[in-house]
Amino acid sequence: MSDIWVVAEVRDGAVKRTTLECLGKARELAGAAGGKTGAVLIGPEGLAKTLGAHGAQRVFVADDPRLKNYGAEAYAAIVSGLVAQHKPGAVLAGATSYGKDLLPRVAARTGAGLATDCTDLQWKDGKLVALRPVYAGKARTTVTFTTPIQMATLRPNAVPVPPANPGAAPETVKVPVQVDDNALKTIVKETAKTATGGAIELTEASIICSGGRGMKDPANFKIIHDLAAELGAAVGASRAVVDAGWKPHSFQVGQTGKTVSPNIYIASGISGAIQHLAGMSSSKCIVAINKDPNAPIFKVADYGIVGDLFQIVPALTEEARKLKAKG
Amino acid sequence: MNTVVCIKQVPDTETKVKVHPQRPALDPEGVKWVISPYDELAIEAALRMKEKMGGTVTVVSMGPQRVEETLRTALAMGADSAVHIKEDLDVDAITVARILAKAIQGLPRDLVLVGKQAIDDDSGQVGPALGEFLGVPSVGIATKLEVAADKKSAKVSRQIEGAEENLEIPLPAVLSVQKGLNGIHEPRYPTLPNIMKAKSKPLKAQALKDLGLKPEETAPRTQVAEMALPPPRKAGKLIEYETPQEAAQKLLTLLREEAKLLQI
Ligand SMILES: Cc1cc2nc3c(=O)[nH]c(=O)nc-3n(C[C@H](O)[C@H](O)[C@H](O)COP(=O)(O)OP(=O)(O)OC[C@H]3O[C@@H](n4cnc5c(N)ncnc54)[C@H](O)[C@@H]3O)c2cc1C
Ligand SMILES: Nc1ncnc2c1ncn2[C@@H]1O[C@H](COP(=O)(O)O)[C@@H](O)[C@H]1O
């Protein structure tokens, strides 16, 4: 009997989608482990209901105005304290900037093993088993644990969000917040939206439209942004684009950029260098638009269009717009 | 400003990964080893701080004999001294952090820099875990660092989804370096005279047993049970078309009706 927990991530007053994905997976694992699902919520108590609706049977709530913003040490102290007290079999979080920062500290503190950026998790023979890509997706590993408490961060979009049960009423447990002054010193002071703020985050997007050197000029990226807006997609770029200063590094997909696995990845004017492919080849469906029929990107593309991106991309935007208008 | 930079030797990004015939690990045959790209940027950041504020840069790496070459490269870039934990251990990143913490403890340090992630295991755990084991603050995915004149605190920004978080932390601390930290996109290359000079810079080799860790502290917390290459992607369909409009229509139909991934 092992309980499976999820550390909830709260941004702008709401629970993030990755948390709901983790809860779906936690429910499945708890079923196999014969345990209960739990969630740790550092944030407003009102959100416990959302977590319950998505499968948390018990929600530990640490609601304290001093913890409104993230702070690695303070948050780690709270989660570690709960883990040490209740000894869940596994603790999950989304592999976002939050989960990636928090869980290693919690694991270090509680003696747990941790597998980060996993694409799937299973429960086998009373233990957690994690599937995770390495070398930016050039290989895949199956990771097992030697520790009684096992932790994992789950890559956004890797698993679906199961239907919610709005009537579910989780047991809520209020957690007294005791954090020392030192830990409070490292609470985030302010969050500043970046130029891309408000847009869909690459690693969380289900569709990505990327442009490469074939875009020729930064201003031409407008046609990629237009297509992305029509499809509800995020915009990405190759390193050539970032090195040329056309887009900031936060747009870069690849081995030294972001590893993404959207449902649809549309690469326009990208040749398909090994470092780029490493970052996006786990996408469910890859579309390549390139005027060179011998571009390596076509070797991995599910659908390829050999042609001039300056004609194809605007046509795609236009046709998508027409489809939407038809409803 | 005394900075310790943890660097990991990894396969070059050009590497075509092959699985070892006997073990669930990379087949090292023919691999070219380099400093992990984010770690190179961390070295660059440390050197720039030293140039501005004085102090020392110490590089630390754990790994087999071949890591010595990587440390010499870092010395040739301008680091003052190096520590080599000469151990070919197959352990998880948190355990690596525990070992590094022991090795770092006695070194002069206002700041410890690590890479955002090592580009082999892509784990990104060492930075925050190192903060924990050293009992100091850690900031992951740092994009800005401004050390106060008294070296007692620093203003730091870190990248999150669609935004940046700003904070002010007491030093010493651990920072994991993102590309673009303080505008740094490229590391410097060692010049020939500096390569010569590096040969006489101090490089201390240590064995794990010299660090005084208990066996249970170096036992792996996770293990790689299997390693495989992803199923090769089938080269798919090339769309035949007369006009861009037709290409677009065909593609959207395929995405909606064949792949069933597009709902518009
Ligand atoms: C250490 C290291 C790390 C790296 N990490 C990354 C990484 O993380 N991500 C990454 O992307 N790269 C990375 N690279 C760089 C990588 O090797 C390639 O140089 C880069 O991906 C090339 O970008 P590109 O495809 O946009 O440009 P190019 O290779 O120049 O390709 C441009 C493509 O556009 C096509 N094209 C041109 N005009 C048109 C048009 N009008 N219509 C249609 N198609 C057109 C061309 O046929 C060509 O195929 C890394 C390299 C190194 C050494
Ligand atoms: N064996 C090692 N020796 C020195 N530093 C390391 C080692 N492994 C990881 N690091 C550091 O920790 C960072 C993150 O590594 P990882 O958590 O493995 O992705 C790397 O970029 C290095 O700075």
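1. Ground rules. This is a predicted model, in which local features need pLDDT of at least 70, side-chain atom pairs count only at pLDDT 80 or more, and totals for chains, interfaces and linings use all residues. Residues are numbered from 1 along each chain as its sequence is written, chains are lettered from A and ligands numbered from 1 in the order in which they are written, and side-chain values use heavy atoms, with hydrogens and water left out.

2. Who sits around ligand 1? Start with the shell, where a residue is near a molecule if one of its heavy atoms lies within 4 Å of it. Ligand 1 is surrounded by 27 residues, and the closest are A:Arg213, A:Ser238, A:Ser271, A:Gln275 and A:Asn290. Chains A and B both contribute residues, so this site is shared between chains. By class, the shell has six nonpolar, 15 polar and six charged residues. (Ala, Val, Leu, Ile, Met, Phe, Trp, Tyr, Cys and Pro count as nonpolar, Asp, Glu, Lys and Arg as charged, and the others, Gly among them, as polar.)

3. Atom pairs at ligand 1. A polar side-chain atom of A:Arg213 is 2.6 Å from an oxygen atom of ligand 1, and one of A:Lys216 is 2.9 Å from a nitrogen atom of ligand 1. A:Lys291 uses its backbone instead: an N or O atom there lies 3.1 Å from a nitrogen atom of ligand 1. On its own ligand 1 has 990 Å² of accessible area, and the protein covers 79% of that (areas come from the Shrake-Rupley method with a 1.4 Å probe). In chain A, helices H7 (239-243), H8 (274-280) and H9 (309-326) each supply at least two residues of the shell. Helices here are DSSP runs of H or I with at least four residues, strands are runs of E with at least two, and both are numbered from the N terminus.

4. Over to ligand 2. Which residues come nearest to ligand 2? Of the 19 around it, they are B:Cys6, B:Asp39, B:Ala118, B:Gly124 and B:Gln125. The shell splits into ten nonpolar, six polar and three charged residues. A backbone N or O atom of B:Gly124 is 2.7 Å from an oxygen atom of ligand 2, while a side-chain N or O atom of B:Ser123 is 3.0 Å from an oxygen atom of ligand 2. Ligand 2 exposes 480 Å² when taken alone, and the protein buries 98% of that.

5. A helix pair in chain B. The axes of H3 (residues 93-105) and H4 (residues 126-134) of chain B come within 8 Å and cross at roughly 50°. (Axes are lines fitted to C-alpha atoms, for helices over the stretch in contact, with angles from 0 to 180 degrees between N-to-C directions.) H3(B) and H4(B) are therefore oblique to each other; angles under 35 degrees count as roughly parallel, over 145 as roughly antiparallel, 65 to 115 as roughly perpendicular and the rest as oblique.

6. A helix pair in chain A. H6 (residues 222-231) of chain A and H9(A) have axes that come within 9 Å and cross at roughly 25°. H6(A) and H9(A) are therefore roughly parallel to each other.

7. Two loops to check. The peptide bond from B:Leu171 to B:Pro172 is cis, with omega near 0°, and B:Pro172 is in the loop between strands S9 (163-170) and S10 (173-177) of chain B. A:Ala136, a residue other than glycine, has a positive phi near 50°.

Terms used. A polar contact is a pair of N or O atoms within 3.5 Å; within protein, one must be able to donate a hydrogen and the other to accept it, and residues adjacent in sequence count only if both atoms are side-chain atoms.
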